[in-house]
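Let's take a walk through this one together. Have the viewer open and follow along.

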Amino acid sequence: FALLIVTAWNSIALAALQRAGEDWRDLDESGAPRIVDGRERALETAELVALTCDGDRHLGLRRNIGFWIGLRNQVAHRHLPALDVATVPQAQSGLLNLEGVLDERFGPDFVLGSALSVPLQLTGFRDPGVLSSVKKLQASLPLDVQNYLNDQAALNADLSEDPAYMLR
């Protein structure tokens, strides 16, 4: 999910900037595009999104994307099923943010919701048994991943109630 959501945001931000006629390229000191493998190099995903979704209104959205970029880098090529449950709030926000920007920037013909099925949860995450299971799963994550999740929670404590960052 982390890889796909970051790739999706990269593509949407590039498309939005190109559509607006704004520069998306990584420029050198003289203002010329940097060339990598014969092609103009794009800015990093976080930079593209910051240009596309700037201002205080989009702070939670940008931090959510930053969360996914960092997590993607942290867990690349690792199988960590316990991570799925630990990141549900950020994943749901990331998808809703993506849908909102698609609709706002490109119109209703480009949204994904009508083409995707919606999973239903039959047990609540507030149920004591479910909470106990979630905590056991999270404890099974490697320490570096647990540390990353804890660091992100501390770094973004001011956004814990912002639905653009995470849904509770």
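How many residues does α7 have, and what does it reach from its first C-alpha to its last? α7 has 13 residues and reaches 18 Å, close to the 18 Å expected at 1.5 Å a residue (the expected span being 1.5 Å times one less than the number of residues). Helices here are DSSP runs of H or I, at least four residues, numbered from the N terminus.

Before going on, some ground rules: this is a predicted model, where local features need pLDDT of at least 70 and side-chain atom pairs count only at pLDDT 80 or more, while totals for chains, interfaces and linings use all residues. Residues are numbered from 1 along each chain as its sequence is written, and side-chain values use heavy atoms, with hydrogens and water left out.

Back to α7: its buried residues (under 20% relative accessible area, 1.4 Å probe, protein chains only) are V145, Q146, Y148, L149 and Q152. Seen down the helix axis, they fall within an arc of 160°, so they line one face of α7; the arc is taken from the directions from the axis to the C-beta atoms. L143, D151, A154 and L155, on the other side, are exposed, meaning over 50%.

L149 also turns up in the largest nonpolar core, a set of 37 residues where W9, W68, L71, L83 and L149 touch the most other members. Such a core joins buried Ala, Val, Leu, Ile, Met, Phe, Trp, Tyr and Cys residues through side-chain atoms within 4.5 Å. Its largest share, nine residues, comes from α1. Leaving out residues up to four places away in sequence, L83 touches L71, V75, L141, V145 and L149, with contact meaning heavy atoms within 4.5 Å.

Terms used: Helix = DSSP H or I, 4+ residues; strand = E, 2+ residues; numbered from the N terminus.
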